[in-house]
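Thanks for coming. I have one structure to go through today, and I will start with a term before getting to the fold.

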Amino acid sequence: MHTPYAAAQHITVTSPEQMRDLGRRLAKLLRPGDLVLLTGELGAGKTTLTRGLGEGLGVRGAVTSPTFVIARVHPSLGDGPPLVHVDAYRLGGGLDEMEDLDLDVSLPESVVAVEWGEGKVEGLSEDRLHVVIERTAGDEATAPEDVRGVVVTGVGPRWAGEDLASLAG
């Protein structure tokens with residue numbers, strides 16, 4: 001079966017502040033039940049983008065890397081969905097281990113952002129937003145250390161008609 005994809009949106013981010021801004025813009029597109037997979041090497045900006053998501057969703061608590069707790073729930077301060085921030089780096093069993101986390105929130109009522117989730121948590125939803133963050137190659141003069149290429153791709157029927165162009169800022 002072919003999974004429909006929305007058009008991918010390519011964005012160049014030149015600072016941590018712009019990565020947070022991208023997260024805030026992304027939050028405007030999200031609704032309860034959405035799954036966001038974040039892929040990128042260590043230090044690429046996955047947590048920085050998720051911090052912006054949290055700000056855009058208006059959730060409680062500082063969004064920090066959940067590496068040692070694996071998952072952290074940030075309740076909404078308003079009437080929006082909570083943000084569940086997961087670090088799947090140490091999850092070997094994928095979905096089974098996710099279910100074992102016994103999160104005190106219903107995933108269909110939350111926005112779930114998963115760092116290092118590629119190949120592990122796609123089964124949570126046929127609909128997901130895949131965010132790939134890469135450092136831009138080149139020398140220091142043309143590609144400073146903070147420059148990132150971000151590709152946002154919608155997967156599944158939920159994202160098929162969504163216009164991701166608003167993410168470009």
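Two residues are in contact when they have heavy atoms within 4.5 Å. With that cut-off, take the contacts between residues at least 6 apart in sequence: 67% of them join residues at least 24 apart.

Some bookkeeping. This is a predicted model, in which local features need pLDDT of at least 70 and side-chain atom pairs count only at pLDDT 80 or more, while totals for chains, interfaces and linings use all residues. Residues are numbered from 1 along each chain as its sequence is written, and side-chain values use heavy atoms, with hydrogens and water left out.

The protein has 4 helices and 7 strands; these are DSSP runs numbered from the N terminus, helices being H or I with at least four residues and strands E with at least two. Their order from the N terminus is β-α-β-α-β-β-α-β-β-β-α. Of the 169 residues, 44% are buried, where buried means under 20% relative accessible area with a 1.4 Å probe, protein chains only.

After the helix comes Gly58, with a positive phi near 70 degrees.

Is α2 mostly covered or mostly open? Mostly covered: 9 of its 12 residues are buried, among them Lys46, Leu49, Gly52 and Leu57. The cover includes helix α1 (16–29) and strands β2 (35–39), β4 (83–87), β5 (111–115) and β6 (128–135).

Take Thr50, which lies in this helix. Thr50 counts as buried because its relative accessibility is 0%. Beyond neighbours within four places in sequence, Thr50 contacts Leu38, Val63, Leu83, His85, Ala113 and Glu115.

Last, the largest pocket. On a 1 Å grid over the protein atoms alone, a pocket is an open set of points with protein on both sides within 12 Å along at least five of seven lines, and lining residues have an atom within 4 Å of a point. Its lining has 13 residues, with Leu42, Gly43, Lys46, Glu115 and Trp116 nearest the centre. Helix α2 gives the most to that lining, with 3 residues.

Notes:
Buried means under 20% relative accessible area, exposed over 50%, partly exposed in between (1.4 Å probe, protein chains only). On a 1 Å grid over the protein atoms alone, a cavity is a set of points where a 1.4 Å probe fits but cannot get out, and a pocket is an open set with protein on both sides within 12 Å along at least five of seven lines; lining residues have an atom within 4 Å of a point.
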